[in-house]
Amino acid sequence: MTIQETYHLLQEALKNIYDTDEANNIADLVIEHVTGYKKLGRITHKQLVLTEQQIHAIDTFKSALLQNKPVQYVLQEAWFYEMKFYVNEHVLIPRPKTEELIELIIKTNNPISNILDIGTGSGCIPITLKKKIPHTTIVTIDVSEDALVVAKKNAAELNVEIELNQLNFLDETNWNELGIFDIIVSNPPYIKQSEIINMQPNVVANEPHIALFVADDDALVFYRKIAAFGKTHLTINGKIFVEINEALGNETISLFEEFGYRAELKKDMQGKNRMIVADVINR
């Protein structure tokens, strides 16, 4: 069977659960993963006959995809900031909106010598920052040992040195293990349990709930802890950069202001309130 024939069979199968554009994109990713040919190469070499091993691999991936498993978990890879990251079910799939958070940090005018990343997951934030600001020392923490295994693998494969620590940030008794930082960055859990009903089923069924959800009655718990931590663990001109729940932008701003920060909502490329930059004005 040729590469083009295999692509069309996969594409048609995926249309049973995805719209046409998404089915096409997923089929492109699978074919590229198995054969090494991107879309243009696949079209140029459309008469290329695939091996039995390649066809078997594609069929295996197709079976998983038809069970609504995200393609990133099926292929165990996700692209972020033009780099390929290893991912599995223990970490969130890196998303483009997080690239915008990194851009805000890179563009800051303040000197940056060290950064703390809270809830590192796959390591996409600290690894990318280390690539873009090589002189910076980056410390990362996560409560999940399994997530840290993934982050360690990505750091090794992308040839960066970051410090990885298993630590429950919500437990304030652990804070004395951490130092003073120029930047604190986090994409913490912020989706309320009641919002699950509005989410895509494949996200809810596959991505780690510990990295996604918070209780409705304490939805800003991570931001409250980050704000408190920053009062004693930020340098004089230090800043906090966080992703937020777009529906709780004003509430999150108010929280930081109550802790003595100057905080600013930042919109993503879709015009949604997705990030906050905060710096301490009252210690």
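Trainee: Which residues are linked with Glu246 in a network of salt bridges?
Mentor: Asp268, Lys272 and Arg274 are in that network together with Glu246. Keep in mind that this is a predicted model.

Trainee: How far apart are the closest N and O atoms of Glu246 and Arg274?
Mentor: They are 3.5 Å apart, and the pair forms a salt bridge. Glu246 sits in the loop between S9 and H11 while Arg274 belongs to strand S11, so this pair ties together parts that are 28 residues apart in sequence.

Trainee: Is Arg274 buried or exposed?
Mentor: Arg274 counts as buried because its relative accessibility is 16%, and the limit for that class is under 20%. Glu246 is partly exposed, at a relative accessible area of 35%.

Trainee: How many salt bridges does the count come to?
Mentor: The count comes to 16. One of them joins Lys239 to Asp279, with 3.7 Å between the closest N and O atoms. That pair links distant parts of the chain, since Lys239 is in strand S9 and Asp279 is in strand S11, 40 residues apart.

Trainee: And are Lys239 and Asp279 buried or exposed?
Mentor: Both Lys239 and Asp279 are buried.

Trainee: What does Lys62 form a salt bridge with?
Mentor: Its partner is Asp59, and the closest N and O atoms are 3.9 Å apart. Both residues lie in helix H4, 3 residues apart, which is about one turn of the helix. Lys62 is partly exposed, with a relative accessible area of 22%. Asp59 is partly exposed as well, at 36%.

Trainee: Switching to the sheet. In what order do the strands come?
Mentor: There are 7 strands in an open sheet, ordered S5-S4-S3-S6-S9-S11-S10, with mixed pairing. Strand S5 (163–166) and strand S10 (261–267) are the edge strands, each pairing on one side only. On average, neighbouring strands are turned by 15 degrees against each other, direction ignored.

Trainee: How many bridges join S6 to S9?
Mentor: 5 bridges join strand S6 (residues 181–186) to strand S9 (residues 234–243), and the two run parallel. Within that pairing, Ile183 has Lys239 of S9 as its bridge partner.

Trainee: Which strands does helix H10 touch?
Mentor: Helix H10 (residues 221–233) packs on the sheet and touches strand S3 (114–118), S6, S9, S10 and strand S11 (273–280). The direction of H10 makes about 165 degrees with that of S9.

Trainee: And what does H11 touch?
Mentor: Helix H11 (residues 249–258) also packs on the sheet, touching S9, S10 and S11. Its direction makes about 160 degrees with that of S10.

Trainee: Back to H4. At what angle do H2 and H4 pack?
Mentor: Helix H2 (residues 20–35) and helix H4 (residues 52–65) pack at about 145 degrees, and their axes are 10 Å apart. The crossing of H2 and H4 is right-handed.

Trainee: Which residues of H2 and H4 meet?
Mentor: From H2 there are Ile26, Val30, Ile31, His33, Val34 and Thr35, and these meet Gln54, Ala57, Ile58, Phe61 and Leu65 of H4.

Trainee: How do the residues of the contact of H2 with H4 divide?
Mentor: The division is 8 nonpolar, 3 polar and no charged.

Note on methods
Residues numbered from 1 in each chain as written. Predicted model: local features only at pLDDT ≥ 70, side-chain atom pairs only at ≥ 80, totals over all residues. Heavy atoms only, no water. Axes fitted to C-alpha atoms, helices over the stretch in contact; angles between N-to-C directions. Helix = DSSP H or I, 4+ residues; strand = E, 2+ residues; numbered from the N terminus. Left-handed = near helix turned anticlockwise from the far one by under 90°. Contact = heavy atoms within 4.5 Å. Nonpolar A, V, L, I, M, F, W, Y, C, P; charged D, E, K, R; others polar. Pairing = 2+ DSSP bridges. Salt bridge = Lys/Arg side-chain N within 4 Å of Asp/Glu carboxyl O. Buried < 20%, exposed > 50% of the residue type's maximum accessible area, 1.4 Å probe, protein only.
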